[in-house]
Amino acid sequence: MMTPTQGPGRWLTWDRPLPWLLPLTVVLLLFTVYPLFYNIWLSFHEYAPLKRQLVWVGGKNWSTLLEDTRFWQSIGVTMVYFFVVLALEVVLGMLIALLLDSDEPGFGFLRGTLTLTLVVPPAVVGMMFLLMEDPEFGVLSYALKSLGILDSSTPILSTPSLALTGVMLADVWQWTPFMVLIFLAGLRSLPAEPFEAAMLDGASAFQMFRRLTLPLMAKVIAVAILIRGIDLFRMFDYVYVMTSGGPGTATYTVSLYAWQQTFSFIKWGYGATISLVTLIIILIMANLFIRLAKVRW
Amino acid sequence: MKDSDKKRYRADLVGRYVNRQIDRRTFLKQAGLLGLGAGVLGSGLVRPDGLPLISQARAAEEVLQPSADILAWVKEVSAPFKGTTLKLATESTPPSNAINALLKPYFEEASGMKVEIEVLPLEQVLQKMTLDIASSLGTYDLYYIDQSWAASFSNDVFDPREQTEAKPELAMPDYNLDDFLPALVDGVASYGDRWVGVPYDIPIFIMMYRKDIYEQMGFKAPTTMEEYYTQAKAITEQMGPKLYGATGQMKSGHYSLECDWTAWLWGHGGSIFNKDGRFTGHDDAGLAAMDYWTRLWKTMPPGVIGWTWDGEGQSVAQGVAATMMSWGEFFPSFDDPAASKVSGLMEPVRCPAPVTKLRTVEETGFGEIPGVGHQGGSSLAVSKNSKNPDAAWIFMQWATCADTQVLITTLGGGTGPTRRSVYDDPRVLANARVGPGTTRHLSVVRETIDKDMGSEPDLPQWAELSNDTIPVRLGKYFAGEYGSAKEAMDDIARAVDVVMAG
């Protein structure tokens with residue numbers, strides 16, 4: 001009989017980390033590193049329909065991208081979407097989390113219902129809001145018209161100045177509960193002592209929120225912003241279902257543009273280039289945020 | 001069981017299914033127990049979405065079955081291919097849905113082959129085909145080819161005439177390639193001298209209008225563009241916002257918007273390209289078309305600029321719009337009282353006549369065929385990468401033969417056939433009455449194919465031009481982002497030049 005020090009098991013000891021890391025390393029190499037390098041390689045090629053193969057185009061995709069006004073417009077739309085939706089979801093998420101941070105009867109149930117929107121596929125949510133915002137049959141359009149907020153001849157999703165807001169509504173509705181859940185988890189794990197001391201010192205609720213809750217929650221908020229921020233930057237489903245990027249290019253996000261170039265027009269190289277630039281932008285923004293927010297992992 | 005009991009049971013079974021008291025699975029199971037099987041399935045009752053098609057009494061009386069001769073032929077020639085699996089990626093169209101949901105089991109039973117049909121959005125079909133061709137994997141044995149892709153894929157599929165000649169022992173008796181409507185062969189399933197498969201389906205623009213509203217207003221079906229506009233305007237002014245005179249598929253950036261544009265463009269004597277391959281949508285005829293379309297748009301519901309064909313069809317079905325110059329395949333659903341508020345109230349006619357003489361094919365570029373009846377047909381073809389091209393050819397012949405097309409048309413909800421003989425088939429004519437799955441519009445469809453059909457140009461860049469370059473800018477125009485139609489069309493011309501230059 002072999003002992004662990006003699007057979008293959010001798011490699012699986014606590015002081016030898018490499019064998020334990022091997023499975024994950026293989027997975028990462030296969031599903032992260034290889035696609036990334038393949039994407040970089042692809043960005044210097046383009047599919048030639050007549051030759052039925054990828055051909056080397058050098059830096060053409062990159063130079064085209066720099067001059068592509070549609071791409072930069074889509075970056076602009078994505079940025080607006082990113083900042084507005086993120087701000088709304090963080091603020092609303094925090095407000096609702098503060099309201100639900102209670103042990104009174106019924107609050108547990110309310111917290112449980114928050115998960116409901118998260119289990120609905122985004123494409124279905126997009127379809128729901130598409131119908132709700134329909135100028136003929138939509139309940140939301142009807143309500144806004146009844147309140148005098150919306151003109152009867154103004155279709156929300158077909159009006160350039162309103163379309164992006166119409167799409168944002170769907171996102172905020174679906175993902176604010178996600179922020180609430182994260183914030184609630186943070187709030188409920190805060191130590192009670194500082195708050196008790198503050199109360200004894202006569203601090204107001206707002207002072208306690210600003211001086212205690214926010215600083216203590218900083219890391220949780222930062223993580224939530226990071227996760228949602230990355231998600232928001234690659235938002236696709238809602239615009240695809242609700243507006244197809246229109247009217248005109250008013251809601252064309254960078255993900256939709258990359259998808260269109262890659263799959264509708266079979267420009268695989270150009271699509272890869274757009275995706276890489278998007279990745280670079282996300283990395284820069286995320287690192288900038290980590291530095292500014294002084295998040296330490 | 002006595003014959004009379006059997007009939008009574010069948011009528012009862014049909015009645016329960018038609019009234020949705022039992023689901024399709026239960027219906028088929030009980031029909032099978034009764035020994036009806038194919039008879040009941042083929043009685044013109046069901047369509048892919050599970051809605052009943054014809055009345056209980058009629059269903060109980062009539063039997064539609066696949067031809068026993070054809071199934072015998074399938075059985076005979078398929079012997080060497082038993083156990084083969086064939087794959088097809090297709091858009092969700094009536095023929096594909098009817099075959100997938102209802103008719104495929106007959107072929108599979110007779111041939112011993114398995115047929116896998118992937119129903120996908122159109123752009124995903126294109127994506128899968130392109131990947132399949134680029135990789136030469138032969139994942140798909142058959143390709144569903146939209147008419148606008150014919151140029152791109154003409155060399156990747158077999159010409160059915162070559163297949164017939166090369167393997168006469170596999171040719172279906174009386175398949176008759178000449179039975180396909182020549183206009184569809186030219187406009188949908190050929191590029192240069194090659195046939196790119198055979199015409200498979202033919203959605204085409206016809207005029208559909210509310211007979212009751214037209215009678216109330218003292219109108220007759222419009223025969224000219226201007227008459228159509230005047231009627232639409234009058235209806236909107238008198239009955240709006242409850243009912244509008246016209247409707248459309250005008251969602252910004254969507255292919256449907258480009259489809260509407262071409263109908264008005266061609267109808268005003270314009271064309272997308274000239275014989276030199278330059279964009280001409282911004283010439284005088286193009287601007288006249290835009291002027292007309294802008295006026296007509298003002299008679300449509302406000303939501304029209306957010307609708308694709310689905311919204312457009314719904315606006316008529318829900319009684320919001322009184323007319324629609326669009327896809328004829330919507331018509332049967334308008335007659336279905338379960339899906340529409342206007343059952344029996346709609347009438348089909350040919351599209352209004354063009355304002356001026358149409359441009360000839362010689363005056364346009366890339367094989368563009370001007371005509372107010374915009375067609376969006378597709379073909380079915382065997383892939384040259386298929387590992388089982390002979391087996392796929394057998395399936396293709398069965399799927400597109402006259403008998404199967406009759407069943408597709410009757411079971412598939414009144415979709416337009418691509419074969420001449422199917423339009424005259426008694427089983428198809430028998431469904432020409434008010435009700436779900438009606439075929440009473442097919443005479444208009446056939447006349448439109450013969451006289452009014454318009455086809456888009458065939459060029460590799462067309463996917464980008466028709467799905468993005470043109471409809472995005474048209475969308476901007478209708479959203480008020482251009483100062484004038486001329487400004488919009490000039491911008492489109494510049495953008496088209498950029499795409500064409502690569």
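Helices here are DSSP runs of H or I with at least four residues, strands are E runs of at least two, and both are numbered from the N terminus. With that in place, chain A reads α-β-β-α-α-α-α-α-α-α-α-α-α-α from the N terminus on. That is twelve helices and two strands.

Before going further, the provenance. This is a predicted model, in which local features need pLDDT of at least 70 and side-chain atom pairs count only at pLDDT 80 or more, while totals for chains, interfaces and linings use all residues. Residues are numbered from 1 along each chain as its sequence is written, and chains are lettered from A and ligands numbered from 1 in the order in which they are written.

Chain A, then. Along the principal axes, the C-alpha trace of chain A spans about 80 × 75 × 35 Å. Of its 297 residues, 31% are buried. Buried means that 20 or more other C-beta atoms lie within 10 Å of the residue's own; 12 or fewer is exposed, anything in between is partly exposed, and the C-beta atoms are placed from the backbone.

Chain B has 23 helices and twelve strands, and 57% of its 502 residues are buried. For contacts, the criterion is C-beta atoms, placed from the backbone, within 7 Å. Among contacts with a separation of 6 or more, residues 24 or more positions apart account for 73% in chain B and for 68% in chain A.

Next, the domains of chain B, with bounds from an automatic or database domain assignment. They are domain 1 (3-61), domain 2 (68-203 + 378-429) and domain 3 (205-374 + 447-501). The C-alpha centres of domains 2 and 3 of chain B lie 30 Å apart. Their contact takes 18 residues from domain 2 and 17 residues from domain 3. On the domain 2 side, helix H8 (150-153) and helix H10 (182-187) each supply at least two residues. By class, that side has ten nonpolar, eight polar and no charged residues. Nonpolar covers Ala, Val, Leu, Ile, Met, Phe, Trp, Tyr, Cys and Pro; charged covers Asp, Glu, Lys and Arg; the others, Gly among them, are polar.

Helix H17 (residues 389-400) of chain B reaches 16 Å from first C-alpha to last, close to the 16 Å expected at 1.5 Å a residue, where the expectation is 1.5 Å times one less than the number of residues. Why call H17(B) largely enclosed by the rest of the structure? Because eleven of its twelve residues are buried, including Trp393(B), Phe395(B) and Trp398(B).

The residue is Leu142(B), in strand E3 (residues 142-146) of chain B. Leu142(B) is buried, with 26 other C-beta atoms within 10 Å. Among the residues it touches, leaving out those up to four places away in sequence, are Ala392(B), Phe395(B) and Met396(B).

Last, the contact between the chains. It takes 26 residues from chain B and 24 residues from chain A. On the chain B side, helix H7 (122-135) and helix H22 (462-478) are the elements giving two or more residues, and H22(B) has the largest share, seven residues. That side divides into ten nonpolar, ten polar and six charged residues.

Terms used:
Two residues are in contact if their C-beta atoms, placed from the backbone, lie within 7 Å.
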